[in-house]
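Here are my notes for you, written as numbered points. Keep the picture open while you read, and try to find each spot as it comes up.

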Amino acid sequence: MSTTTLADIVAALGGDLHGDGTAIIGHLAALEDADPTAIAFLSNPRYTSQLAQSQAGCVIVAPAVEAAARERGACIVTPNPYLYFARLTQWWRQRHPVRGTPGIHPSAVVDATAQVHPTASIGPLCVVEAGARIGADTVLTSRITIGYGCTVGERCIIHPGAVIGADGFGFAQEQGKWVKIEQLGNVRIGNDVEIGANTCIDRGALNDTVLEDGVKLDNLIQIAHNVQVGAHTAMAAFVGVSGSSTIGAHCTLAGGAGVSGHLNIVDGVHVSAHTVISRSVTKKGQYTGLYPFEEHREWERNAASLRQLNTLRTRIKTLEKELAALSSQLP
Amino acid sequence: MSTTTLADIVAALGGDLHGDGTAIIGHLAALEDADPTAIAFLSNPRYTSQLAQSQAGCVIVAPAVEAAARERGACIVTPNPYLYFARLTQWWRQRHPVRGTPGIHPSAVVDATAQVHPTASIGPLCVVEAGARIGADTVLTSRITIGYGCTVGERCIIHPGAVIGADGFGFAQEQGKWVKIEQLGNVRIGNDVEIGANTCIDRGALNDTVLEDGVKLDNLIQIAHNVQVGAHTAMAAFVGVSGSSTIGAHCTLAGGAGVSGHLNIVDGVHVSAHTVISRSVTKKGQYTGLYPFEEHREWERNAASLRQLNTLRTRIKTLEKELAALSSQLP
Amino acid sequence: MSTTTLADIVAALGGDLHGDGTAIIGHLAALEDADPTAIAFLSNPRYTSQLAQSQAGCVIVAPAVEAAARERGACIVTPNPYLYFARLTQWWRQRHPVRGTPGIHPSAVVDATAQVHPTASIGPLCVVEAGARIGADTVLTSRITIGYGCTVGERCIIHPGAVIGADGFGFAQEQGKWVKIEQLGNVRIGNDVEIGANTCIDRGALNDTVLEDGVKLDNLIQIAHNVQVGAHTAMAAFVGVSGSSTIGAHCTLAGGAGVSGHLNIVDGVHVSAHTVISRSVTKKGQYTGLYPFEEHREWERNAASLRQLNTLRTRIKTLEKELAALSSQLP
């Protein structure tokens, strides 16, 4: 692999280069860690003060900070430096490839009736069951199970340990015992979906569980049976979505958030970390329900009072009435 | 596989059929999605109003709604439609089998000293360590580890990625460093237990970790060392039970619930989602501890006040005293 | 394997034996379960009253309870019985080995460019990608993925299903769609680290994700990209640490705790179960933020009042003002 110059980068990704195009770039780095062989970026204007100190060989910046950046040294000016940086990581990765050789690794167990696109990559020790379909350019990294009848679209990336199409969790009761409801649906995953390590997406009970195009799931997520996740929605680790809920498009769910079953959440809803959505959300916006942390001793006092909260409310009401009565007695 | 008629279903599962027994059923569906080739069910009386609109070829109903159902079209009348539906999914699945061919998949790594019942099914890429025992008709789907000395009963279903018998998390301290306590117990799992994808059940430190008959665990659950889970208890995704706690029979723990260590929870306890049980529970019933979500701005205000809650309580007490003193001064 | 006597144990691990050194010990047990062939320990003085009833063949005790212990029967006296017990489990395990035959299991998929120390053990169905390095005496139990370029130190134990070096979760936005930021860093794990089943440690975006020496992670933990965890810090199941946060040394995070992104937590911080650390912590100590559980009906009332909390605070302030005004009116 040949060396990379600033001119190579701008030729591939655009942007206005100010500085020496023949300068060699050896790696990408954060602004504060960068040395003269590194290219860095400045996205958040809050960190503009760090610019002058950076040793980076080149910094990707927005037009608003071009003057300051040029004073420091080489820079690439582009409207959205963070997006440019993302494209740069992709271009860099393509020149240093690490995953996704097309074809099926000999250690993978792929059913004869599964349909795997020739450009898809099924990594070591994956299981692809009967009738599953894997689309073009999709990468199953390693140790992944795709259940029978499930579908994965094109250009998806699935990380190790993910389980697509285990049975949903459904039981009827008979005299205190659980009677299994066989899960007869599948999982359908759109294009450009990324699924994190050890994340689980259960098959539907009757209908399919569906992830639409562009959904991004972090590690250790649980998507229960019959859930539908709208396009370009992203979820962080430990998010759990209970059965038959529908999440809109362009939503974000932060780490540890939960959604109860049979709910409907509209497009553009943002759920804060460890917040449980326990009823449908009909209005876009940010929603939060998190006990704020404090020093343990403080928490002990406040949490004890929390158990009295309804009583305190009644005492306030009583005080208000008594005070009003008292006031009216006075001249 | 031959076609299925309503008469076939009633012959296998009972119930009173009202309608044409020769009608062909092609699939099972939810009431609102069903077409004339589908059989659906009505379990919750709240949805009775949906009955008339349903296009289902046949609906499974309770005696209370028989009249309305017969007016609409074919129906099967049975005391518990949801249970009937569960049995129907099982019968349907048996006719369209997808898992559990008896025997050991050639890609599985099974120790020579493990005892696997000939009717059990060990799926692709499973690991069964020394001395482990797997009972009759139990299914290990794929990519599961059963640790040395662990026991799984009969008719169990274990989903991909589950880890039975990893070391419990136990350490002593020596001058700020952790000294491992080797985990010398095993895991013992009863009959008719189902274990979800990527769920972990740790081996005991000295005694065994035990799941009794009929326990149902969803995906991504953590059962720590020496925990005992009583018969027919069910847990949803992300439930964590800490070390040495005992959970009674016929309990349910909703998603994200937690149980601290060394506690005792009696039979028939129901724990709400994301609720942490931090002391033993001696009385059956439902228990909850969840911060209710709201719009982020509202939450900010209320959460800030929560940190003042104990102070607010003191201020209310002061107000009460002062008001009483004032009252007593008046004629 | 020969039988074990009390004299063998003291010869190997020290301590003052009071009793018959030729007595044979068949197993280790908890004080309350022990029979005459078992050795038990008494660590917490709170349980001293259980000593007299124990049927244990020998009890490991601290000097403070030596007199009571000798009255009962054989005992080993040592300053820290729990630590002695930990060492005893290790010594016992070495005589009854269950894991860690050096070498690479034939079913593992290890890249030709990976460097695995000859004393390391790579168990069944593991994946070790290009350029990864595994140090001396480290054990990968089974079904583990170590990503390209990642490093694991010496004497580490990694449990089944763990994923080291999946991509961090990083995306830029472009017109409502997510653009992947390729993760160009690695994971670096020190010596004497233990990692639980199905735990995930993501590779860094630019820099490496780092676990220092002696870190102990339970099952089902998420360590996001660029996180740094200080030496001898321990985390229980379901802990999630978001991207670019730094956790100090000698910290503990209880089950279900979370740390938001880009925070700094100093050494010696203890986070309670299900507590979310949402800003940097600069002072050691214990921190908590957990909604206390109660019977569901009580919770309903209090949680409803919680949504009014800021309003209640205003009403208290009003009451205080009005009462003061009233007081001043009186003679």
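**Notes on the chain contacts**

1. Let's start with chains B and A: 68 residues of chain B are in contact with 75 residues of chain A, where contact means heavy atoms within 4.5 Å. Keep in mind that this is a predicted model, in which local features need pLDDT of at least 70 and side-chain atom pairs count only at pLDDT 80 or more, while totals for chains, interfaces and linings use all residues; side-chain values use heavy atoms, with hydrogens and water left out. Residues are numbered from 1 along each chain as its sequence is written, and chains are lettered from A and ligands numbered from 1 in the order in which they are written.

2. How much area do chain B and chain A bury between them? About 6100 Å², with 65% of it on carbon and sulfur atoms. Buried area here is the accessible area (1.4 Å probe) that two parts lose on being put together, summed over both. On the chain B side, B:Arg143, B:Phe293 and B:Arg307 lose the most area to chain A, and together they make up 13% of what that side buries.

3. Now for the charges. Between chain B and chain A the count is five salt bridges, a salt bridge being a side-chain nitrogen of Lys or Arg within 4 Å of a carboxyl oxygen of Asp or Glu. A:Lys283 and B:Glu295 meet through their side chains in a salt bridge, at 3.0 Å from N to O.

4. Polar contacts come next. The rule finds 29 residue pairs in polar contact across the interface of chain B and chain A, with both residues at pLDDT 80 or more. The rule asks for a pair of N or O atoms within 3.5 Å; within protein, one must be able to donate a hydrogen and the other to accept it, and residues adjacent in sequence count only if both atoms are side-chain atoms.

5. Which parts of chain B touch chain A? Several elements each supply at least two residues of that side, among them α3 (81-95), α4 (296-306) and α5 (309-329) of chain B. Helices (H or I, at least four residues) and strands (E, at least two) are DSSP runs, numbered from the N terminus. The largest share, ten residues, comes from α5(B). By class, the side of chain B that touches chain A has 34 nonpolar, 19 polar and 15 charged residues. For that sorting, Ala, Val, Leu, Ile, Met, Phe, Trp, Tyr, Cys and Pro count as nonpolar, Asp, Glu, Lys and Arg as charged, and the others, Gly among them, as polar.

6. Strand β36 (residues 285-288) of chain A and β37(B) pair in the antiparallel sense over two bridges; two strands pair if DSSP finds at least two bridges between them. Look for A:Thr288, whose bridge partner in β37(B) is B:Glu294.

7. Turn to chains A and C. This contact takes 68 residues from chain A and 75 residues from chain C. The area buried between chain A and chain C is about 6100 Å², and carbon and sulfur atoms give 65% of that. A:Arg143, A:Phe293 and A:Arg307 supply 13% of the area that chain A buries against chain C, more than any other three residues.

8. Across the interface of chain A and chain C the rule finds five salt bridges. One to look at joins the side chains of C:Lys283 and A:Glu295, at 2.9 Å from N to O. β37(A) pairs with strand β36 (residues 285-288) of chain C in the antiparallel sense over two bridges, and A:Glu294 stands opposite C:Thr288 in β36(C).

9. What about chains C and B? C:Glu295 forms a salt bridge with B:Lys283, the closest N and O atoms being 3.0 Å apart. The pair crosses from strand β37 (residues 294-295) of chain C to the loop between β35 (276-277) and β36 (285-288) of chain B. Over all chains, a search of the whole structure finds 33 salt bridges.

10. Step back to a sheet. Eleven strands, including β37(A), β36(C) and β8(C), form an open sheet with mixed pairing. Which strands sit at the edges? They are β37 of chain A and β8 (103-104) of chain C, each pairing on one side only.
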